[in-house]
Amino acid sequence: MKTSETIVRQMTKDNVMDTTAKPNLDLRKATVERKKLDGYRCLGKQRDGNYALSVGVPTACLTPQQLRSLADVVEQYASVGHFSTAQSMIIVGIKEHDLYQAKRAVMEAGFEVRSIGRDVRQVKCCPGADYSPFGLQRTLPMATFLEETFRGVPTPMKFKISVSGCPNCCANTKMNEFGIHGTTDGWKIFVGGKMGNSPTVAQEIASSVTSDDVPKYLAAVLRTYKSQAEPNERLAKTIERIGLREFKNLTGKSLNMPYEDLASQAKEARESAEQSECAGPLGHQ
Ligand code: SF4
């Protein structure tokens, strides 16, 4: 297995840092086309000519046993495990002929292989008040609840959620579609952030929100987004088009609706993804 020391050494020539890379236009084009596909899609071929798997790591916490299990998979089938900025583990360097066995090993280790599509993604969080000296609210139970309830809800474009324990926003709360940070009297809620070529900073829509009310806000934001967005439009654009005031107004109207329907959509979508070719099943090959 390559260590990061080895990788850095490979990047240097004559003790001078060399980070240049020749664009691989064919691979780039193929990847852009894959991103346009409907339904579930896994990670495709990477720059090293091999394949990658995205492994879900809810709350970005791993027990010693889970770390060992993932290390075994990486050692046997891949070159390195890279933590994505969304806190998934991307196992890279898998030979095409090992892809099925690597996927099986990930699932047998108790992890999910994640598909990537137009839906609510894995919830990103900082350690919050359970570990961070600055934490004002506990992020881990909040992120777990939001993840288990809403991950997978189909949306017009990808929908990212971030939970930070205090206004420092280490989980990039204001650069996600729905971001919250802890305060001394609850949570502040921000909507419409994103990264990409034209980053957008999320805007505040509520403060002093109780933990029980945060999922209600998320459900209401999802309903408003799903009803107002044009096809393939990210939330930032929807809010820019209709205005924050109108978005807040519409969100307020569905704030007290039960969200079991969205939770069912999420569960159904996750089950369907688990049966799809990119994330499962294990019954063939
Ligand atoms: S956002 Fe606050 S609680 Fe979370 S890691 Fe940063 S400083 Fe700590």
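Domain bounds here come from an automatic or database domain assignment. This is a predicted model: local features need pLDDT of at least 70, side-chain atom pairs count only at pLDDT 80 or more, and totals for chains, interfaces and linings use all residues. Residue numbers start from 1 along each chain, as its sequence is written.

**Domains**
- The assignment gives domain 1 (34-117) and domain 2 (124-257).
- Their C-alpha centres lie 26 Å apart.
- Five residues from domain 1 and six residues from domain 2 make the contact (C-beta atoms, placed from the backbone, within 7 Å).
- On the side of domain 1 that touches domain 2, three residues are nonpolar, two are polar and none is charged.
- Ala, Val, Leu, Ile, Met, Phe, Trp, Tyr, Cys and Pro count as nonpolar, Asp, Glu, Lys and Arg as charged, and the others, Gly among them, as polar.

**Ligand shell**
- Residues around the ligand include Cys-126, Pro-127, Phe-134, Cys-166 and Asn-168 (C-beta atom, placed from the backbone, within 6 Å).
- The shell divides into six nonpolar, six polar and no charged residues.

**Sheet and helix**
- Five strands form an open, mixed sheet in the order E6-E7-E8-E9-E10.
- Strands (E, at least two residues) and helices (H or I, at least four) are DSSP runs, numbered from the N terminus; two strands pair if DSSP finds at least two bridges between them.
- Strand E6 (124-125) and strand E10 (203-209) are the edges, each pairing on one side only.
- Strand E9 (residues 186-191) pairs with E10 in the antiparallel sense over four bridges.
- Trp-187 has Val-209 in E10 as its bridge partner.
- Helix H5 (residues 139-150) lies across E6 and strand E7 (161-164), at about 165° to E7 (axes are lines fitted to C-alpha atoms, for helices over the stretch in contact; angles run from 0 to 180 degrees between N-to-C directions).

Technical notes. Contact = placed C-beta atoms within 7 Å.
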